[in-house]
Amino acid sequence: MVRVMSRIAVVPGSFDPITRGHLDVIERAAGIFDEIHVLVVHNPGKTALLPIAQRVTLIQEAIAEAKLPDSILVTSWSVGLLVDYCTDVGATVLVKGIRSEVDVAYETPMAIVNRDLAGIETVFLLPSPEHAHVSSSLVRQVAALGGDVAPYVPPVVARFLQAPRDEER
């Protein structure tokens, strides 16, 4: 009997909020791996706009709206190391979106430590060029100042971020 192993990858991030670039990386990762876990993690270095549960819901809705594969699971992790989550679910790969050399410099030490700690490899994916300049923090700034974020985020996120302004009018 031949045992076929499933290739499970984790796409971690704060996703505060999820952007079109994030969705692009998730979709392409789903084409490479059998199962994708989109993992919303708490970043203590950032002040969050949205609670983690809201981010999970928006990601799930964005994935459904984009008709991405059913092999994508969205969840959150707030206790312990990222590699602990990977080990718990049988993932051997982390997938990170890289927009620039700044991201490479930031992600490389973490990739090395994750490999040292648990043998978890990191795969870097470049976003499509039209999304390479977009970050969640940029989206938060534009939204806070009343700008249109629709070109940068999935439609469900744009509607969500627009709703409070519509109610104030």
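Predicted model: local features only at pLDDT ≥ 70, side-chain atom pairs only at ≥ 80, totals over all residues.
Residues are numbered from 1 along each chain as its sequence is written, and side-chain values use heavy atoms, with hydrogens and water left out.

**Charged pairs**

Side chains of opposite charge can pair when their charged atoms come close. The structure holds 8 salt bridges. A salt bridge here is a side-chain nitrogen of Lys or Arg within 4 Å of a carboxyl oxygen of Asp or Glu. Three of them are listed below.

| Pair | N to O distance |
|---|---|
| R55 and D16 | 3.8 Å |
| E107 and K96 | 2.6 Å |
| D103 and R99 | 3.0 Å |

Take R55 and D16, which form a salt bridge. R55 lies in helix α2 (residues 52-65) and D16 in the loop between β1 (8-13) and α1 (20-30), so the pair ties together parts that are 39 residues apart in sequence. Helices (H or I, at least four residues) and strands (E, at least two) are DSSP runs, numbered from the N terminus.

Next come E107 and K96, whose side chains meet in a salt bridge. E107 belongs to helix α4 (residues 101-118) and K96 to strand β4 (residues 93-97), so this pair ties together parts that are 11 residues apart in sequence. E107 counts as buried at 12% relative accessibility. K96 is buried too, with a relative accessible area of 11%.

The side chains of D103 and R99 also meet in a salt bridge. D103 is buried at 12% relative accessibility. R99, at 37%, counts as partly exposed. Elsewhere, salt bridges that share partners join D16, R55 and R140 into one network.

**W77**

W77 sits in strand β3 (residues 72-77). Leaving aside neighbours within four places in sequence, W77 is in contact (heavy atoms within 4.5 Å) with L39, V40, V41, H42, L82, D84, Y85 and D88. The side chain of W77 reaches the backbone oxygen of G80 at 3.4 Å. A polar atom of that side chain lies 3.2 Å from the backbone oxygen of L81. The C-alpha atoms of W77 and V142 are separated by 28 Å, with the two residues 65 residues apart along the chain.

How values were computed. Buried < 20%, exposed > 50% of the residue type's maximum accessible area, 1.4 Å probe, protein only. Polar contact = N/O pair within 3.5 Å; in protein donor to acceptor, adjacent residues only side chain to side chain.
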